[in-house]
Amino acid sequence: MLQITCPWCGPRDDNEFHYGGEAHILRPAAPEKLSDGEWAEYLFLKQNAKGPFLERWSHSAGCRQWFNVVRNTATDEIIEIYPMGESGPLHLRRQDLRGL
């Protein structure tokens with residue numbers, strides 16, 4: 001079982017948390033101007049990288065707070081946990097993960 005350390009409540013089993021998808025996805029500034037293909041790319045084409053990945057998690061069965069996690073998707077190792085609103089490790093930002 002995966003252990004996730006909530007920044008507010010401490011270590012808990014993963015069944016107390018809800019996965020919120022890839023972190024740091026920016027909503028298009030003018031979605032009404034996007035083509036159907038561009039909108040579909042925003043909605044459905046995610047990184048799904050093998051290795052370190054920036055994710056959003058919520059402690060849904062605890063304090064209900066959202067936070068970001070850097071997790072190795074190949075090993076489930078949690079590398080770092082940081083608050084929402086922070087940029088996270090710059091070397092792992094989405095634009096840098098495209099080649100992994």
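The model is a predicted one, in which local features need pLDDT of at least 70 and side-chain atom pairs count only at pLDDT 80 or more, while totals for chains, interfaces and linings use all residues. Residues are numbered from 1 along each chain as its sequence is written, and side-chain values use heavy atoms, with hydrogens and water left out.

The protein chain has two helices and six strands, where helices (H or I, at least four residues) and strands (E, at least two) are DSSP runs numbered from the N terminus. Along the sequence these elements follow the pattern β-β-β-α-β-β-β-α. Of the 100 residues of the protein chain, 32% count as buried.

Strands of a sheet pair through backbone hydrogen bonds, either parallel or antiparallel. Here an open sheet of four strands has the order β3-β4-β5-β6, with antiparallel pairing, and two strands are said to pair if DSSP finds at least two bridges between them. Because β3 and β6 stand at the edges with a single partner strand each, one side of each is left without a neighbour in the sheet. Neighbouring strands of this sheet are turned by 30° against each other on average, direction ignored; the axes behind this angle are lines fitted to C-alpha atoms, for helices over the stretch in contact, and angles run from 0 to 180 degrees between N-to-C directions.

A search of the whole structure finds four aromatic pairs. Rings of Phe, Tyr and Trp (its six-membered ring) pair if their centres lie within 6.5 Å, and planes under 30 degrees apart count as stacked, over 60 as edge-to-face and the rest as tilted. Two of these pairs are set out below.

| Pair | Centre to centre | Angle between planes | Kind |
|---|---|---|---|
| Tyr19 and Trp57 | 5.3 Å | 70° | edge-to-face |
| Trp39 and Tyr42 | 5.3 Å | 40° | tilted |

Tyr19 is partly exposed, with a relative accessible area of 36%, whereas Trp57 counts as buried at 9% relative accessibility.

Trp39 and Tyr42 are three residues apart in helix α1 (residues 36-44), and are therefore separated by about one helical turn. Trp39 is partly exposed at a relative accessible area of 27%, and Tyr42 is partly exposed at 21%. The charged end of Lys46 sits over the ring of Tyr42, 5.3 Å from its centre, a description used if NZ of Lys or CZ of Arg is within 6 Å of the ring centre and within 35 degrees of the ring normal. Elsewhere, ring pairs link Trp8, Phe17 and Phe67 into a cluster.

Terms used
Buried means under 20% relative accessible area, exposed over 50%, partly exposed in between (1.4 Å probe, protein chains only).
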